[in-house]
Amino acid sequence: MVTITINGQAVEAPEGTSVLDAATAAGVTIPTLCYLKDLNCIGSCRVCLVDVEGEGLAASCNTAVREGMVVRTDTPQVAVARRANLQAIMDDHRALCATCVRQDTCALRDLASTFNLADAPGPLPEPAPWDADFPLQRDSSKCIKCMRCVAICEKVQHCAVWDFTGVGPSTKIIVRDNLPIAEAGCALCGQCITHCPTGALAARDDVSLIMEAILDPAVETVVQVAPAVRTAWGEGLGLSREEATPGRLAAALHAVGFDRVFDTDFAADLTIMEEGSEFVEFLGSDAPRPMFTSCCPGWVRFVKQHYPQFTAQLSSAKSPHQMMGAVVKNTLAAEADEAGRRLFVVSIMPCVAKKAESELPTMATEHGPDVDLVLTTREFVSMLRADKIIPSLLPEEGLDDPMGVSTDAG
(Lines give C-alpha, C1' and ligand atoms only; values in the text may rest on other atoms or scores of the structure.)
Protein backbone atom coordinates (compact mmCIF):
# COMPACT_ATOMS: atom_id res chain seq x y z
CA MET A 1 0.00 0.00 0.00
CA VAL A 2 1.07 3.59 -0.63
CA THR A 3 -0.18 6.76 1.01
CA ILE A 4 -1.07 9.79 -1.06
CA THR A 5 -2.82 13.05 -0.28
CA ILE A 6 -5.98 13.99 -2.19
CA ASN A 7 -7.41 17.44 -1.49
CA GLY A 8 -5.62 17.50 1.86
CA GLN A 9 -6.88 14.05 2.88
CA ALA A 10 -4.52 11.10 3.40
CA VAL A 11 -5.57 8.18 1.26
CA GLU A 12 -4.15 4.66 1.19
CA ALA A 13 -4.25 2.69 -2.06
CA PRO A 14 -2.62 -0.44 -3.46
CA GLU A 15 0.54 0.19 -5.46
CA GLY A 16 -0.28 0.51 -9.16
CA THR A 17 -3.76 1.89 -8.53
CA SER A 18 -4.73 4.83 -10.69
CA VAL A 19 -5.29 8.21 -9.08
CA LEU A 20 -8.87 8.05 -10.36
CA ASP A 21 -9.60 4.75 -8.62
CA ALA A 22 -7.91 5.90 -5.42
CA ALA A 23 -9.96 9.10 -5.41
CA THR A 24 -13.19 7.22 -6.11
CA ALA A 25 -12.49 4.81 -3.25
CA ALA A 26 -11.96 7.83 -0.98
CA GLY A 27 -15.30 9.35 -1.99
CA VAL A 28 -13.81 12.05 -4.23
CA THR A 29 -15.64 12.45 -7.55
CA ILE A 30 -13.60 13.05 -10.69
CA PRO A 31 -15.55 13.43 -13.97
CA THR A 32 -14.75 10.97 -16.76
CA LEU A 33 -15.85 10.47 -20.33
CA CYS A 34 -13.62 8.01 -22.20
CA TYR A 35 -12.71 5.90 -19.16
CA LEU A 36 -13.80 2.25 -18.85
CA LYS A 37 -12.29 0.52 -15.84
CA ASP A 38 -9.61 -2.03 -16.80
CA LEU A 39 -10.54 -1.66 -20.49
CA ASN A 40 -10.06 1.91 -21.66
CA CYS A 41 -7.71 4.02 -19.54
CA ILE A 42 -6.19 6.12 -22.30
CA GLY A 43 -6.85 9.64 -21.01
CA SER A 44 -7.91 10.85 -24.45
CA CYS A 45 -10.78 13.08 -23.33
CA ARG A 46 -8.69 14.89 -20.67
CA VAL A 47 -11.80 15.41 -18.58
CA CYS A 48 -10.37 13.56 -15.57
CA LEU A 49 -7.44 15.95 -15.18
CA VAL A 50 -6.03 16.53 -11.69
CA ASP A 51 -3.18 18.68 -10.39
CA VAL A 52 -0.23 16.57 -9.24
CA GLU A 53 2.18 18.56 -7.10
CA GLY A 54 5.50 19.03 -8.87
CA GLU A 55 4.19 17.69 -12.18
CA GLY A 56 1.22 19.82 -13.14
CA LEU A 57 -1.97 18.56 -14.74
CA ALA A 58 -2.29 14.83 -15.46
CA ALA A 59 -5.03 12.46 -16.55
CA SER A 60 -6.06 10.65 -13.37
CA CYS A 61 -7.30 7.53 -15.18
CA ASN A 62 -3.82 6.47 -16.33
CA THR A 63 -1.60 8.06 -13.69
CA ALA A 64 -0.52 5.56 -11.03
CA VAL A 65 -0.30 6.49 -7.36
CA ARG A 66 3.08 6.61 -5.67
CA GLU A 67 4.20 7.13 -2.10
CA GLY A 68 3.90 10.76 -0.98
CA MET A 69 2.03 11.96 -4.05
CA VAL A 70 -0.02 15.12 -3.46
CA VAL A 71 -3.07 15.55 -5.68
CA ARG A 72 -5.64 18.32 -5.98
CA THR A 73 -8.87 17.72 -7.90
CA ASP A 74 -10.63 20.99 -7.07
CA THR A 75 -8.31 23.85 -8.04
CA PRO A 76 -9.37 26.64 -10.43
CA GLN A 77 -6.68 25.49 -12.85
CA VAL A 78 -8.17 21.99 -12.95
CA ALA A 79 -11.69 23.35 -13.47
CA VAL A 80 -10.58 25.66 -16.30
CA ALA A 81 -8.62 22.89 -18.06
CA ARG A 82 -11.48 20.39 -17.81
CA ARG A 83 -13.91 22.97 -19.16
CA ALA A 84 -11.62 23.85 -22.08
CA ASN A 85 -11.17 20.19 -23.00
CA LEU A 86 -14.90 19.55 -22.85
CA GLN A 87 -15.56 22.62 -24.99
CA ALA A 88 -13.12 21.33 -27.62
CA ILE A 89 -15.02 18.02 -27.68
CA MET A 90 -18.37 19.82 -27.96
CA ASP A 91 -17.08 22.03 -30.78
CA ASP A 92 -16.54 18.88 -32.88
CA HIS A 93 -19.79 17.19 -31.83
CA ARG A 94 -23.11 17.42 -33.65
CA ALA A 95 -25.09 18.47 -30.60
CA LEU A 96 -28.72 18.03 -31.66
CA CYS A 97 -29.77 17.02 -28.15
CA ALA A 98 -33.50 17.64 -28.49
CA THR A 99 -33.88 14.92 -31.10
CA CYS A 100 -31.10 12.58 -29.95
CA VAL A 101 -32.05 9.09 -28.78
CA ARG A 102 -29.58 9.47 -25.90
CA GLN A 103 -30.75 12.87 -24.73
CA ASP A 104 -31.54 11.60 -21.21
CA THR A 105 -28.55 9.28 -20.85
CA CYS A 106 -25.77 11.15 -22.65
CA ALA A 107 -22.63 11.52 -20.53
CA LEU A 108 -21.37 14.38 -22.72
CA ARG A 109 -24.60 16.31 -22.41
CA ASP A 110 -24.56 15.86 -18.64
CA LEU A 111 -21.01 17.18 -18.36
CA ALA A 112 -21.69 20.02 -20.82
CA SER A 113 -24.58 21.12 -18.61
CA THR A 114 -22.48 20.80 -15.43
CA PHE A 115 -19.71 22.96 -16.91
CA ASN A 116 -22.19 25.39 -18.55
CA LEU A 117 -20.64 25.07 -21.99
CA ALA A 118 -21.52 27.22 -24.98
CA ASP A 119 -22.75 25.98 -28.36
CA ALA A 120 -20.10 25.33 -31.00
CA PRO A 121 -19.28 28.57 -32.86
CA GLY A 122 -18.74 26.90 -36.23
CA PRO A 123 -20.86 24.63 -38.45
CA LEU A 124 -21.78 21.25 -37.02
CA PRO A 125 -20.06 18.19 -38.54
CA GLU A 126 -22.12 16.05 -40.90
CA PRO A 127 -22.58 12.28 -40.46
CA ALA A 128 -20.76 9.92 -42.81
CA PRO A 129 -22.82 7.51 -44.95
CA TRP A 130 -24.11 4.41 -43.15
CA ASP A 131 -26.22 1.35 -44.02
CA ALA A 132 -29.69 2.49 -42.96
CA ASP A 133 -31.03 -1.07 -43.00
CA PHE A 134 -28.49 -2.51 -40.56
CA PRO A 135 -29.89 -2.95 -37.02
CA LEU A 136 -26.89 -1.11 -35.54
CA GLN A 137 -26.77 2.53 -36.56
CA ARG A 138 -23.82 4.92 -36.31
CA ASP A 139 -23.79 8.71 -36.53
CA SER A 140 -20.13 9.67 -36.95
CA SER A 141 -20.92 13.36 -36.35
CA LYS A 142 -21.74 12.54 -32.72
CA CYS A 143 -18.62 10.42 -32.16
CA ILE A 144 -16.15 11.92 -29.66
CA LYS A 145 -13.34 9.40 -30.39
CA CYS A 146 -13.36 8.08 -26.84
CA MET A 147 -12.44 4.56 -28.06
CA ARG A 148 -14.90 2.88 -25.69
CA CYS A 149 -16.55 0.99 -28.56
CA VAL A 150 -13.14 -0.16 -29.79
CA ALA A 151 -12.18 -1.42 -26.32
CA ILE A 152 -15.41 -3.23 -25.45
CA CYS A 153 -15.72 -4.90 -28.85
CA GLU A 154 -12.12 -6.12 -28.97
CA LYS A 155 -11.37 -6.93 -25.32
CA VAL A 156 -14.74 -8.22 -24.08
CA GLN A 157 -16.80 -9.31 -27.08
CA HIS A 158 -13.76 -10.44 -29.14
CA CYS A 159 -15.28 -9.28 -32.43
CA ALA A 160 -12.93 -6.33 -33.11
CA VAL A 161 -15.47 -4.63 -35.36
CA TRP A 162 -14.25 -1.12 -34.57
CA ASP A 163 -10.84 0.42 -35.23
CA PHE A 164 -9.32 3.88 -35.55
CA THR A 165 -7.07 5.79 -37.91
CA GLY A 166 -5.01 8.92 -37.42
CA VAL A 167 -3.76 10.56 -34.25
CA GLY A 168 -4.78 13.58 -32.21
CA PRO A 169 -7.41 15.82 -33.84
CA SER A 170 -7.36 13.72 -37.03
CA THR A 171 -8.37 10.51 -35.23
CA LYS A 172 -11.38 8.75 -36.72
CA ILE A 173 -13.29 5.69 -35.57
CA ILE A 174 -13.91 3.31 -38.46
CA VAL A 175 -15.24 -0.15 -39.13
CA ARG A 176 -12.17 -2.41 -39.27
CA ASP A 177 -10.48 -2.51 -42.66
CA ASN A 178 -13.08 0.04 -43.81
CA LEU A 179 -15.51 -2.83 -44.42
CA PRO A 180 -19.27 -2.31 -44.76
CA ILE A 181 -20.70 -2.94 -41.29
CA ALA A 182 -22.72 -5.92 -42.56
CA GLU A 183 -19.44 -7.64 -43.54
CA ALA A 184 -17.35 -6.76 -40.48
CA GLY A 185 -18.27 -9.68 -38.21
CA CYS A 186 -20.61 -7.69 -35.97
CA ALA A 187 -22.53 -10.02 -33.64
CA LEU A 188 -25.06 -7.26 -32.90
CA CYS A 189 -24.57 -7.79 -29.17
CA GLY A 190 -25.25 -4.10 -28.55
CA GLN A 191 -22.35 -3.63 -26.12
CA CYS A 192 -20.86 -0.77 -28.15
CA ILE A 193 -24.24 0.98 -27.99
CA THR A 194 -24.42 0.50 -24.22
CA HIS A 195 -20.90 1.82 -23.65
CA CYS A 196 -21.04 4.75 -26.09
CA PRO A 197 -21.27 7.93 -23.96
CA THR A 198 -23.17 9.83 -26.67
CA GLY A 199 -25.70 9.08 -29.39
CA ALA A 200 -23.06 8.04 -31.93
CA LEU A 201 -24.22 4.42 -31.72
CA ALA A 202 -27.83 3.30 -31.46
CA ALA A 203 -30.24 0.59 -32.52
CA ARG A 204 -32.24 1.15 -35.70
CA ASP A 205 -35.48 2.87 -34.71
CA ASP A 206 -38.52 0.93 -35.95
CA VAL A 207 -41.21 2.59 -33.81
CA SER A 208 -42.88 4.29 -36.79
CA LEU A 209 -43.42 0.90 -38.45
CA ILE A 210 -45.29 -0.57 -35.50
CA MET A 211 -47.37 2.59 -35.10
CA GLU A 212 -48.51 2.19 -38.72
CA ALA A 213 -49.61 -1.36 -37.93
CA ILE A 214 -51.39 -0.36 -34.71
CA LEU A 215 -53.31 2.38 -36.50
CA ASP A 216 -54.36 0.10 -39.38
CA PRO A 217 -57.82 -1.40 -38.64
CA ALA A 218 -57.06 -4.28 -41.00
CA VAL A 219 -54.13 -5.40 -38.85
CA GLU A 220 -54.28 -7.38 -35.61
CA THR A 221 -51.17 -6.59 -33.60
CA VAL A 222 -49.74 -9.26 -31.32
CA VAL A 223 -46.81 -8.49 -29.02
CA GLN A 224 -44.56 -10.79 -27.04
CA VAL A 225 -42.21 -9.66 -24.30
CA ALA A 226 -38.90 -11.26 -23.35
CA PRO A 227 -38.26 -12.10 -19.68
CA ALA A 228 -35.34 -9.65 -19.57
CA VAL A 229 -37.65 -6.83 -20.69
CA ARG A 230 -40.00 -7.56 -17.82
CA THR A 231 -37.21 -6.71 -15.38
CA ALA A 232 -35.73 -3.74 -17.28
CA TRP A 233 -38.63 -1.80 -18.81
CA GLY A 234 -39.33 0.29 -15.70
CA GLU A 235 -35.79 1.61 -15.44
CA GLY A 236 -36.12 3.96 -18.40
CA LEU A 237 -39.35 5.36 -16.93
CA GLY A 238 -38.05 5.83 -13.40
CA LEU A 239 -40.43 3.21 -12.00
CA SER A 240 -39.69 1.41 -8.77
CA ARG A 241 -39.51 -2.37 -8.69
CA GLU A 242 -42.92 -2.43 -7.02
CA GLU A 243 -44.45 -0.28 -9.79
CA ALA A 244 -42.86 -2.05 -12.79
CA THR A 245 -44.85 -5.26 -12.43
CA PRO A 246 -45.67 -7.71 -15.25
CA GLY A 247 -49.32 -6.74 -14.79
CA ARG A 248 -48.59 -3.07 -15.44
CA LEU A 249 -46.38 -4.02 -18.36
CA ALA A 250 -49.30 -5.88 -19.92
CA ALA A 251 -51.58 -2.92 -19.21
CA ALA A 252 -49.09 -0.50 -20.79
CA LEU A 253 -48.82 -2.65 -23.92
CA HIS A 254 -52.59 -2.75 -24.28
CA ALA A 255 -52.70 1.02 -23.70
CA VAL A 256 -50.20 1.59 -26.51
CA GLY A 257 -52.60 -0.24 -28.82
CA PHE A 258 -51.53 -3.88 -29.04
CA ASP A 259 -54.49 -6.25 -29.43
CA ARG A 260 -52.89 -9.22 -27.70
CA VAL A 261 -50.04 -9.44 -25.23
CA PHE A 262 -48.07 -12.65 -24.70
CA ASP A 263 -44.97 -13.69 -22.77
CA THR A 264 -42.01 -15.22 -24.60
CA ASP A 265 -41.64 -17.55 -21.60
CA PHE A 266 -44.39 -19.63 -23.23
CA ALA A 267 -42.09 -20.24 -26.18
CA ALA A 268 -39.14 -20.83 -23.88
CA ASP A 269 -41.07 -23.90 -22.67
CA LEU A 270 -41.43 -24.99 -26.28
CA THR A 271 -37.74 -24.37 -26.88
CA ILE A 272 -36.53 -26.58 -24.06
CA MET A 273 -38.80 -29.35 -25.34
CA GLU A 274 -37.46 -28.97 -28.90
CA GLU A 275 -33.82 -28.63 -27.90
CA GLY A 276 -34.23 -31.39 -25.33
CA SER A 277 -35.57 -33.79 -27.96
CA GLU A 278 -32.76 -32.80 -30.32
CA PHE A 279 -30.21 -33.32 -27.56
CA VAL A 280 -31.48 -36.85 -26.91
CA GLU A 281 -30.90 -37.66 -30.58
CA PHE A 282 -27.53 -35.93 -30.40
CA LEU A 283 -26.43 -38.15 -27.49
CA GLY A 284 -27.18 -41.23 -29.54
CA SER A 285 -25.16 -40.03 -32.52
CA ASP A 286 -21.46 -39.69 -33.28
CA ALA A 287 -21.80 -35.93 -33.89
CA PRO A 288 -18.88 -33.86 -32.54
CA ARG A 289 -19.37 -32.61 -28.99
CA PRO A 290 -20.79 -30.39 -27.64
CA MET A 291 -24.16 -29.35 -29.04
CA PHE A 292 -24.63 -25.61 -28.73
CA THR A 293 -27.93 -23.85 -28.06
CA SER A 294 -29.41 -21.64 -30.77
CA CYS A 295 -31.56 -19.56 -28.41
CA CYS A 296 -29.47 -16.39 -28.75
CA PRO A 297 -29.14 -14.85 -32.24
CA GLY A 298 -26.13 -12.82 -31.12
CA TRP A 299 -24.40 -16.04 -30.12
CA VAL A 300 -25.39 -17.71 -33.40
CA ARG A 301 -24.02 -14.74 -35.40
CA PHE A 302 -20.81 -14.83 -33.36
CA VAL A 303 -20.26 -18.53 -34.00
CA LYS A 304 -21.04 -18.35 -37.71
CA GLN A 305 -18.83 -15.32 -38.32
CA HIS A 306 -15.90 -15.99 -35.99
CA TYR A 307 -15.90 -19.76 -35.36
CA PRO A 308 -17.65 -21.24 -38.43
CA GLN A 309 -16.15 -24.66 -37.70
CA PHE A 310 -18.71 -25.02 -34.90
CA THR A 311 -21.75 -24.03 -36.96
CA ALA A 312 -22.83 -27.64 -37.52
CA GLN A 313 -22.94 -28.13 -33.74
CA LEU A 314 -25.61 -25.45 -33.24
CA SER A 315 -29.10 -26.66 -32.39
CA SER A 316 -31.50 -26.45 -35.33
CA ALA A 317 -34.29 -25.11 -33.08
CA LYS A 318 -35.48 -21.56 -33.61
CA SER A 319 -34.96 -19.05 -30.84
CA PRO A 320 -37.89 -18.69 -28.40
CA HIS A 321 -39.29 -15.45 -29.84
CA GLN A 322 -39.15 -16.79 -33.41
CA MET A 323 -40.79 -20.01 -32.24
CA MET A 324 -43.45 -17.92 -30.54
CA GLY A 325 -44.06 -15.96 -33.73
CA ALA A 326 -44.51 -19.14 -35.72
CA VAL A 327 -46.94 -20.58 -33.15
CA VAL A 328 -48.95 -17.35 -32.97
CA LYS A 329 -49.32 -17.11 -36.73
CA ASN A 330 -50.23 -20.76 -37.16
CA THR A 331 -52.69 -20.67 -34.24
CA LEU A 332 -54.39 -17.32 -34.78
CA ALA A 333 -54.15 -16.84 -38.55
CA ALA A 334 -57.49 -18.49 -39.37
CA GLU A 335 -59.32 -16.45 -36.72
CA ALA A 336 -57.75 -13.24 -38.01
CA ASP A 337 -58.65 -14.12 -41.60
CA GLU A 338 -62.29 -14.62 -40.63
CA ALA A 339 -62.30 -11.16 -39.10
CA GLY A 340 -60.79 -9.70 -42.26
CA ARG A 341 -57.52 -8.85 -40.56
CA ARG A 342 -53.92 -9.93 -40.90
CA LEU A 343 -51.60 -10.75 -38.03
CA PHE A 344 -48.62 -8.55 -37.25
CA VAL A 345 -46.32 -10.06 -34.62
CA VAL A 346 -43.97 -7.83 -32.64
CA SER A 347 -41.22 -8.93 -30.26
CA ILE A 348 -39.94 -6.59 -27.56
CA MET A 349 -36.45 -7.83 -26.86
CA PRO A 350 -33.30 -6.71 -25.04
CA CYS A 351 -31.08 -7.56 -28.01
CA VAL A 352 -30.35 -5.77 -31.29
CA ALA A 353 -29.39 -9.11 -32.87
CA LYS A 354 -33.03 -10.17 -32.85
CA LYS A 355 -33.84 -7.41 -35.33
CA ALA A 356 -31.49 -9.06 -37.83
CA GLU A 357 -32.70 -12.55 -36.93
CA SER A 358 -36.34 -11.75 -37.68
CA GLU A 359 -35.34 -10.54 -41.16
CA LEU A 360 -33.63 -13.79 -42.17
CA PRO A 361 -35.41 -15.53 -45.08
CA THR A 362 -35.33 -18.80 -43.12
CA MET A 363 -37.57 -17.23 -40.47
CA ALA A 364 -40.70 -17.21 -42.62
CA THR A 365 -43.63 -19.50 -43.44
CA GLU A 366 -46.73 -19.34 -45.62
CA HIS A 367 -48.01 -16.71 -43.16
CA GLY A 368 -45.03 -14.45 -43.80
CA PRO A 369 -42.21 -13.77 -41.33
CA ASP A 370 -42.54 -15.52 -37.97
CA VAL A 371 -41.91 -12.12 -36.36
CA ASP A 372 -42.74 -9.02 -38.36
CA LEU A 373 -40.87 -6.50 -36.21
CA VAL A 374 -38.52 -6.39 -33.24
CA LEU A 375 -38.36 -3.46 -30.84
CA THR A 376 -35.77 -2.93 -28.14
CA THR A 377 -36.68 -2.00 -24.58
CA ARG A 378 -35.61 1.59 -25.31
CA GLU A 379 -37.97 1.79 -28.29
CA PHE A 380 -40.87 0.51 -26.19
CA VAL A 381 -40.11 3.10 -23.50
CA SER A 382 -40.07 5.83 -26.15
CA MET A 383 -43.55 4.71 -27.30
CA LEU A 384 -44.89 5.02 -23.77
CA ARG A 385 -43.39 8.48 -23.42
CA ALA A 386 -44.74 9.63 -26.77
CA ASP A 387 -48.26 8.50 -25.83
CA LYS A 388 -47.96 10.07 -22.36
CA ILE A 389 -48.77 6.73 -20.74
CA ILE A 390 -47.91 6.60 -17.04
CA PRO A 391 -47.73 2.88 -16.20
CA SER A 392 -47.71 3.44 -12.43
CA LEU A 393 -51.27 4.79 -12.71
CA LEU A 394 -52.58 1.83 -14.72
CA PRO A 395 -54.44 -1.04 -13.05
CA GLU A 396 -52.66 -4.33 -13.50
CA GLU A 397 -53.83 -6.64 -16.29
CA GLY A 398 -53.12 -10.25 -17.04
CA LEU A 399 -51.37 -11.57 -20.11
CA ASP A 400 -53.60 -13.00 -22.80
CA ASP A 401 -54.34 -16.74 -22.74
CA PRO A 402 -53.24 -19.28 -23.58
CA MET A 403 -49.87 -18.10 -24.83
CA GLY A 404 -49.31 -15.79 -21.90
CA VAL A 405 -48.89 -18.75 -19.56
CA SER A 406 -45.60 -20.52 -18.86
CA THR A 407 -43.90 -22.80 -16.36
CA ASP A 408 -40.76 -20.57 -16.13
CA ALA A 409 -38.75 -23.76 -16.64
CA GLY A 410 -37.25 -22.23 -19.78
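**Exercise 1**

H6 and H13 are oblique to each other; find the angle and axis separation for this pair, then the residues that touch.

*Solution.* Before you start, note that this is a predicted model, where local features need pLDDT of at least 70, side-chain atom pairs count only at pLDDT 80 or more, and totals for chains, interfaces and linings use all residues. Residues are numbered from 1 along each chain as its sequence is written, and side-chain values use heavy atoms, with hydrogens and water left out.

Step 1: pick out H6, residues 207-215, and H13, residues 377-386 (helices are DSSP runs of H or I, at least four residues; strands are runs of E, at least two; both are numbered from the N terminus).

Step 2: the axes are 10 Å apart and the packing angle is about 55° (axes are fitted to C-alpha atoms over the stretch in contact; angles run from 0 to 180 degrees between N-to-C directions). That's why the pair counts as oblique (under 35 degrees is roughly parallel, over 145 roughly antiparallel, 65 to 115 roughly perpendicular, the rest oblique).

Step 3: on the H6 side, Val 207, Ile 210, Met 211 and Ile 214 make the contact, and they meet Glu 379, Ser 382 and Met 383 of H13 (contact means heavy atoms within 4.5 Å).

Step 4: sort them by class and you get 5 nonpolar, 1 polar and 1 charged (Ala, Val, Leu, Ile, Met, Phe, Trp, Tyr, Cys and Pro are nonpolar; Asp, Glu, Lys and Arg charged; the others, Gly among them, polar).

**Exercise 2**

Which elements supply at least two residues each to the lining of the largest pocket?

*Solution.* Step 1: the lining has 42 residues, and Val 101, Arg 102, Thr 376, Arg 378 and Glu 379 lie nearest the centre (on a 1 Å grid over the protein atoms alone, a pocket is an open set of points where a 1.4 Å probe fits, with protein on both sides within 12 Å along at least five of seven lines; lining residues have an atom within 4 Å of a point).

Step 1: the elements are strands E6 (136-138) and E9 (201-203), plus helices H5 (191-195), H7 (227-232) and H13. H13 gives the largest share, with 6 residues.

Step 2: the lining splits into 19 nonpolar, 12 polar and 11 charged residues.

**Exercise 3**

*Solution.* Step 1: the axes of H9 (265-283) and H11 (320-338) come within 8 Å and cross at roughly 105°, so H9 and H11 are roughly perpendicular. H9 brings Phe 266, Ala 267, Ala 268, Leu 270, Thr 271 and Glu 274, while H11 brings Pro 320, Met 323, Met 324 and Val 327.

Step 1: H2 (76-91) and H3 (107-114) pack at about 130°, with axes 11 Å apart, so H2 and H3 are oblique. Here Leu 86, Ile 89 and Met 90 of H2 meet Leu 108, Leu 111 and Ala 112 of H3.

**Exercise 4**

*Solution.* Step 1: most residues other than glycine have a negative phi, and most peptide bonds are trans.

Step 1: the bond from Arg 289 to Pro 290 is cis, with omega near -5°; Pro 290 lies in the loop between H9 and H10 (297-306).

Step 2: Asp 177, not a glycine, has a phi of about 60° and is found in the loop between strand E8 (172-175) and H5.
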